[in-house]
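Student: Could you take me on a close-up of one part of this model, and then show how the rest is put together around it?

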Amino acid sequence: MQTFKIFKKKLKKMEYNFREIEQKWQKFWKENKTYKVEIDENLPKFYVLDMFPYPSGAGLHVGHPLGYIASDIYSRYKRLNGFNVLHPMGYDAFGLPAEQYAIQTGQHPAVTTENNIKRYREQLDKIGFSYDWDREVRTCEPSYYKWTQWAFLQMFKHWYNKTSDKAEPIEKLIEIFAKEGNKSVNAACNETSAFTAEDWKGFSEKQKEEILLNYRLAYLADTMVNWCPALGTVLANDEVVNGLSERGGHPVVQKEMKQWSLRISAYAQRLLDDMENLEWSDSLKEIQRNWIGRSQGAEMLFKIKNSDVVLEIFTTRPDTTFGVSFMVLAPESAYVQQITTVECKQAVENYLEETKKRSERDRMADVKKVSGEFTGAYAINPFTNAEIPVYVADYVLAGYGTGAIMAVPGHDSRDFRFARHFELPIPQVVVEKGKEPSDTSSWDDSFDAKEGFMVNSGFLNGMDVKDAIAAAIGEIEKKGIGKRKINFRLRDAIFSRQRYWGEPFPLYFKDGIPYPINENELPLELPEVDKFLPTEDGQPPLGRAENWKTKDGYSYELSTMPGFAGSSAYYYRYMDPKNDKALVSKQANEYWRNVDLYIGGTEHATGHLVYSRYWNKFLYDMGLVCEKEPFKKLINQGMIQGRSNFVYRINGTGKYVSLEQKDNYECSAIHVDLNIVSNDILDLDAFKKLTGNEKAEFILNENGEYKCGWEVEKMSKSKYNVVNPDDIVEQYGADTLRMYEMFLGPLEQSKPWDTNGIDGVFKFFRKTWRLFYDQDGNLLVNNNVAEKAELKILHKTIKKISRDIEQFSFNTSVSAFMICVNELGDLKCNKREILEPFLIILSPFAPHITEELWAALGNKESIVKSKFPEFKEEFVTESSFEYPVSFNGKMRFKIEMPLDMPKDEMEKMVISDERSVKWLEGKAPKKVIVVPGKIVNIVV
RNA sequence: GCCUUGGUGGCGGAAUUGGUAGACGCGCAGGACUUAAAAUCCUGUGACCAUUAUGGUCGUGCCGGUUCGAUCCCGGCCCGAGGUACCA
């Protein structure tokens, strides 16, 4: 590589030998355990956490460490400010890619995972992070997943009491059942028929267990699940993106299966409420709010004509009940079988068959297409007593509400489309303020009105929507045909995966009933299998394990836990990683409490960040942890995009044309490896060599160069735009990498990576070095007393840097450092009094070079143990200010005036300035605005 | 469609959120040093019009408003990114 050759030459003469320095200090930190952290009751704690990575085979690219660098800077800054900082790292090591790879190659996922982790660690180590590696966790290790299994068992052994609004031990529930049956129990549970204490006592063990299973927070039940045939497993809602699996992009279908689920929906309201006080971005909170999806409305009963069946529906708009002209059931709804008439049976069966075949993606693809079938049954509108037809249609979802709706075609666009298609009446019941009711047959779409007043609605007529909703609910409750109800979109989390590489469930089956294994038998280790595929009879891979049974011969559960299991409480494990008696000791938990700063990608908004909040709340209910929320402050780092380069090949030839002239030819843009392009100029020889096309011809630009085009795209191998941090560290050093990643732009914004700008940061370090050493390597630093100007530069920078770090504005700190070094260089300042504090404030960003220079100044202890310099206002206060003088808001000239000058004197001084004459044009100013310390504006 | 964001030089981005628009860096152009290259240093660099210097006009996606003053606040539109999508 050309650039590398140049670099080698550079190094010979270069004073700042980053390579030697960085290796030296990384070794020093490791040997001295500089970043080891222990509980210290005398110091305030601060917990800084990165979302731990899944160790993929591809290794890290330059985008991954962005958040790690930011959190590392923050950790170091907090340490310098006297905090005891917990800053750990580990690996989310269970997961699908390793297993898919295992299926293809036969290589055990534990082996590939171990290798990948090694690679990750090497890459991380090169960047100089201040992690306490003694606290590392790996989710795939038995000593770690013991606690994942343990937490699951606790969920199995608890139920959710809606009255106390928390999880309680299942024993307590059994006591209640024995005393008074289940009548008074207000639990989050699956549908369970009522029983008395007498009934309970008469039930067999199996019956009792079956009933209890409906109440457990971790329960086994027939559920509609996302089944991914290609992966051979079910997936949680957040693992399905646009009807395809998040990993691999395979189609997903809906299927009813017996699956383990976590009753996360019981926590929906608390997940919503407790978010209020979190320091998360509004957008992230909003994503989570939408995902939880609270809606307020009513549950209502509709009688079926000539039948005992009563349809229960959920609506947010009970005010529009007078506008209901038909009803719709989800295809999966149990009501369908109950009410379909003999005449319609065949047609309905056909329809159900048809919808079953469609995948989620198909269903989502043609949302606009109307389909459905009449069941032959009629319901009675409880407000109008009208007979209305009941349909089955797949636009109604089984999983939401009750799987049945009252259709209000006048005011809901889906119902409207359906009504038009099946020629059903469309009554208008809401009118926009200031308008008259109109003939709905002339409408193009429904009026989905959240505001307006009621018409054709009996006792609701004339009310506005808000009042009408309240009045309608009042009437519904009075009539006893329904009640106020809050619904959530958030589903219980499907917790089983029919896969190998995950945590085994600590359960066995006896007589078809799941029983927990003894807690002292944890962890239940993942057994060996001959292949990582399902068994011949369709059992999950664990079905292949030989003698995978309890000592009494009972079979274990064959599914494993999903990816989010291991990541839901890892932040507690870091507090006390070696503890084999508890997830986390009371002492460690009460000291570290929760994560003060969490940095990671926004892609976890609906998965990890919901699950771990739920998991935490459950542990909180059990009294095991002391904080309601796990992550106090959260920052989403932006994505680093790739910057791809292109060459333009003239179609049908081996000729390439430079960017400037490409429009004169018919040509195709082809990705070119950015390693052979420098500042968009192509290295022609390297290109010939790389493509193996020695005869390639080029049409060059007027400078005799080949200029490439560029575009911002996702960083990916296929686009030849992946930049590896190792290469950057090799060429420029870790400090430059760290600093440049921060310099790219605001942390939370996504931005393209362009290595071209990195020279500026590299130059900055060389300039810094030259403040300490002359060209011959002599230390220049002296003990002379600092001048006012020098102190001003220093303190201005101290102030700016602490402010920026506290606001996570790291890009502007880098500028501030550059300005500081430029100014100190101009003053030829080599004074210890200035440079020592300067090193400290720079050290969070560039730990290696600062450590080296710090030692060179004769300091015996690591700079990590020093104290952040105190900002002193006195050094930066000015007695005068150079005021910009504007006329009608446009700046015309500047004038220096004392800051304590009275306003009227300033005014006089400005007006009498000779430069004002021109702008006043002989007129007297209409108005003069004087803002002390800011500006003078004259209105002419 | 809905929600959340963002739109500033050739490029990444500043502007202490109502007070000098374009800090800092890259790139580019010119110069110094050098046998030469690299490195380093200096100067210039939003557009346009004038010009010996000086100077002027326009300019933060577009259109309007509030204000002495708007990148920042308000109303309307256009474009990009992310999330979500039959949620009743």
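At the start of helix 21 (residues 684-691), which backbone nitrogen does a side-chain oxygen of D683 reach, and to within what distance?

Tutor: The side-chain oxygen of D683 comes to within 3.3 Å of the backbone nitrogen of D685. Before going further, some ground rules. This is a predicted model, where local features need pLDDT of at least 70 and side-chain atom pairs count only at pLDDT 80 or more, while totals for chains, interfaces and linings use all residues. Residues are numbered from 1 along each chain as its sequence is written, chains are lettered from A and ligands numbered from 1 in the order written, and side-chain values use heavy atoms, with hydrogens and water left out. Helices (H or I, at least four residues) and strands (E, at least two) are DSSP runs numbered from the N terminus. At the other end of helix 21 comes G692, with a positive phi near 70 degrees.

Most residues other than glycine have a negative phi, and most peptide bonds are trans. E423 has a positive phi near 55 degrees without being a glycine; you'll find E423 in the loop between helix 15 (413-422) and strand 17 (430-431). At 72% relative accessibility, E423 counts as exposed (over 50%; buried is under 20%, partly exposed in between, with a 1.4 Å probe and protein chains only). The peptide bond from L522 to P523 is cis, with omega near -5 degrees, and P523 belongs to the loop between strand 22 (513-516) and strand 23 (555-556). N888 is another non-glycine with a positive phi, about 50 degrees, in the loop between strand 34 and strand 35.

Four strands make an open sheet in the order 35-34-37-36 with mixed pairing (two strands pair if DSSP finds at least two bridges between them). Strand 35 (890-898) and strand 36 (927-931) are its edges, each pairing on one side only. Neighbouring strands are turned by 20 degrees against each other on average, direction ignored. Strand 36 and strand 37 (residues 935-939) run antiparallel and are joined by five bridges; K927, for instance, has V939 in strand 37 as its bridge partner. Helix 29 (residues 903-912) lies across strand 34 (880-887), strand 35, strand 36 and strand 37, at about 125 degrees to strand 35. Axes here are lines fitted to C-alpha atoms, for helices over the stretch in contact, with angles from 0 to 180 degrees between N-to-C directions; contact means heavy atoms within 4.5 Å.

Two loop residues deserve a stop. N721 is in the loop between strand 32 (709-713) and helix 22 (725-732), and at 0% relative accessibility N721 counts as buried. A polar atom of the N721 side chain lies 2.9 Å from the backbone nitrogen of S716. Not counting residues up to four places away in sequence, N721 touches several others, including G642, R643, L674 and E713. E136, in the loop between helix 5 (109-125) and helix 6 (142-156), is partly exposed at 22% relative accessibility. The E136 side chain makes a polar contact with the side chain of R138 at 2.6 Å (a pair of N or O atoms within 3.5 Å; within protein, one must be able to donate a hydrogen and the other to accept it, and residues adjacent in sequence count only if both atoms are side-chain atoms). The C-alpha atoms of E136 and G90 are 4.7 Å apart, though 46 residues separate them along the chain.

Finally, the RNA. Of the 52 residues around RNA strand B, S283, T316, R414, L744 and N937 come nearest (near means a heavy atom within 4 Å). Helix 26 (residues 810-826) gives the most to that surface, with six residues. Phosphate oxygens of RNA strand B lie 2.7 Å from a side-chain N or O atom of Y400 and 3.1 Å from one of R892. On the base side, a base nitrogen of RNA strand B is 2.9 Å from a polar backbone atom of L397.
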